[in-house]
Protein chains: 2
Amino acid sequence: MRIALDAMGGDYAPVTTVEGAIEALKEYKDLSVILVGNEPEIQAELDKKACTGMPISIHHASQVVEMDESPLAALRRKKDSSIRVAIDLVKAGGADAMVSAGNSGVVMATALYVLGKLPGVERPAIAAIMPSLKDHFILLDAGANVDCKPLHLYQFAIMGEAYAKFIFDIEKPRIGLLGIGEEDAKGNDLTREAFKLIKRSHVNFIGNIEGQDIFSSEADVVVCDGFVGNIALKVSEGLAETIAKMFKRELVEKAKESGKVGSLFFKDAFKSFKKKMDYSEYGGAPLLGISKPCIISHGRSSSNAIKNAIRVAGVFHSKRIPDIISKELKEGLSRRESVAAKE
Amino acid sequence: MRIALDAMGGDYAPVTTVEGAIEALKEYKDLSVILVGNEPEIQAELDKKACTGMPISIHHASQVVEMDESPLAALRRKKDSSIRVAIDLVKAGGADAMVSAGNSGVVMATALYVLGKLPGVERPAIAAIMPSLKDHFILLDAGANVDCKPLHLYQFAIMGEAYAKFIFDIEKPRIGLLGIGEEDAKGNDLTREAFKLIKRSHVNFIGNIEGQDIFSSEADVVVCDGFVGNIALKVSEGLAETIAKMFKRELVEKAKESGKVGSLFFKDAFKSFKKKMDYSEYGGAPLLGISKPCIISHGRSSSNAIKNAIRVAGVFHSKRIPDIISKELKEGLSRRESVAAKE
């Protein structure tokens, strides 16, 4: 499988992107990586590494999209950006999937414009993987669609199920709807209507999931609109960081009192904990509903995050997840699952 | 000041409510507490305590509202519930403020029905206090209004500012709007319109605040609709608990390896941390926009949480926060701050 990697995307690119690509190639033998972006810069990074003979190449792109650039401006003015060129490569068949840690709004808009939606998909969604007490869960939409209709949430449930099956390797993923009460009738106008649609669908729907339960509950997929999903994702990130900082403060205080043994013990426990909470372990977030595999990774991605996003891109392509999503949506339509939303 | 406490509200009532009342009376000398609920049960708890001579009394109420009861059902069928009787006491002038750790939806509906809104208020909101890296911040609406209009968010900003002034003792609280991008134009339809209204108002508006920044940012008040606010609040709670559990696991593992010194050190650091994260330290959440002080406390409230909610009720009454909210809304109206929302 050939992965086009936006080598210029992310806060620490191209250092982390080149490193991540090499780490991925060491671990996953069926992949090749095309580094898309400024050739001299990328080559300078590659020269520092021992990667002779690896299936890695550079495809030059002269422009870079900034993190605060608007999708519309980028689409108009940056036709030779590393994001655009990587997606063009997928479109033209030169790559099977693309990965970017750059401006996620621009990746989404460009993927939509160049590759288009899968047949039947109303709105593509970002599927983020988050850690839970037992394992992980998928949160979608994590920020692509800030204003949604019930039909969109129904489709997110279908698409999330198709993805969860393969990424978690489970037959009947449990689907929950992010809400503010467990009962059917609780929620806002949007979730109450979406509840009815998802309940009527073929997915293993376990009902409303409250905010406090997403990390400990039984849901493999948590469905919500992109505004709520982005807030939930970012609040979690912010809180985890805040807790880490608070703990560090305690560490400094306590180390003064109890000396080195305690301090070492603490550092050790903290490291294991951080690994569990580290989003980079869980790979990137695919754009579900786009016709070809596009995986976005966190702007602050480490090389490990890039490596895992490349792994997800590979799985997405080899398991033919876009085809499965198409099939599920079509079957749902033929069963008239979402008929009420159309009326 | 006379505080009517719903002695039957909360998962551990009346044990924790009676204890919390006594703790509050020991600490705050200008208060008296009326315990509202099942007299024999409350008396049995009081008999276990040394509280002779304290300004504490019982007001009997024969019914108890369940945690999953609907507001409508409770209003119709539970006219002698501890929630209803406590609020009736405030209405009749027998108490200055009420506190409940019971069903928050029922408290809100009953307060609205019995006490009514302040003049000019469209929707009362729940103002939750949350910990941040530096200190605390207010999140509102934390769950009262699941579907909001821009005008409601504007009013939450005004009400939140009035409350923050007194609870944090700062002259110009910084108001932020919970969103998914820092720029003015980012957000969903609701927040984009609310942004314009709040920007035109007299409050010290610092713009959009992203989810990851609420715990570390400069905002004293974070405004959002009740659905999003409830999700943000509950996700934070759930994650903090999950992290605590994960840490405990690490503790057990590491203690096996490093022995007792490290384990004690860890426990100590963990305790300080838990205190900082413990919502019970921050008191209850007032219903802003109701004509008299009504404070809700977490269903899982400890006696410490009840004590702090009683303290907040006292401040709310003595600082005349409802009067200040009324005045601010009236002045905003005369300055035509929210005129666009009416058109």
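## Exercise 1: Domains of chain A

Work out how chain A is divided into domains, and what the side of domain 1 that touches domain 2 is made of.

*Solution.* Keep in mind that this is a predicted model. Start with the division: chain A has a domain 1, covering 1–119 + 289–320, and a domain 2, covering 122–284. Next, look at the contact, to which domain 1 of chain A gives 20 residues and domain 2 of chain A gives 14 residues. On the domain 1 side, α5 (104–114), β12 (294–296) and α10 (303–318) of chain A each provide at least two residues. The largest share of that side, 7 residues, belongs to α10(A). Finally, sort the domain 1 side by class: 10 residues are nonpolar, 7 polar and 3 charged.

## Exercise 2: Two helix pairs in chain A

*Solution.* Begin with α6 (residues 150–167) and α7 (residues 189–200) of chain A: their axes are 8 Å apart, and the packing angle is about 50 degrees. By class, the contact of α6(A) with α7(A) has 9 nonpolar, no polar and 1 charged residues.

Now take α1 (residues 15–27) of chain A and α10(A), whose axes come within 7 Å and cross at roughly 50 degrees. Among the residues in contact are A:Glu19 and A:Glu23 of α1(A), together with A:Lys307 and A:Arg311 of α10(A). The class count for α1(A) with α10(A) is 4 nonpolar, 4 polar and 5 charged residues.

## Exercise 3: A sheet in chain B

Which strands of chain B stand at the edges of the sheet?

*Solution.* First write down the order, β3-β2-β1-β4-β12-β11-β5 of chain B, an open sheet of 7 strands with mixed pairing. The edge strands are β3 (56–60) and β5 (125–126) of chain B; each has a single partner strand, so one side of each lacks a neighbour in the sheet. Then zoom in on one pair: β1 (residues 2–6) and β4 (residues 97–100) of chain B run parallel and are joined by 3 bridges. Here B:Ile3 has B:Ala97 as its bridge partner in β4(B).

How values were computed: Residues are numbered from 1 along each chain as its sequence is written. Chains are lettered from A and ligands numbered from 1 in the order in which they are written. This is a predicted model: local features need pLDDT of at least 70, side-chain atom pairs count only at pLDDT 80 or more; totals for chains, interfaces and linings use all residues. Axes are lines fitted to C-alpha atoms, for helices over the stretch in contact, and angles run from 0 to 180 degrees between N-to-C directions. Helices (H or I, at least four residues) and strands (E, at least two) are DSSP runs, numbered from the N terminus. Ala, Val, Leu, Ile, Met, Phe, Trp, Tyr, Cys and Pro count as nonpolar, Asp, Glu, Lys and Arg as charged, and the others, Gly among them, as polar. Domain bounds come from an automatic or database domain assignment. Two residues are in contact if their C-beta atoms, placed from the backbone, lie within 7 Å. Two strands pair if DSSP finds at least two bridges between them.
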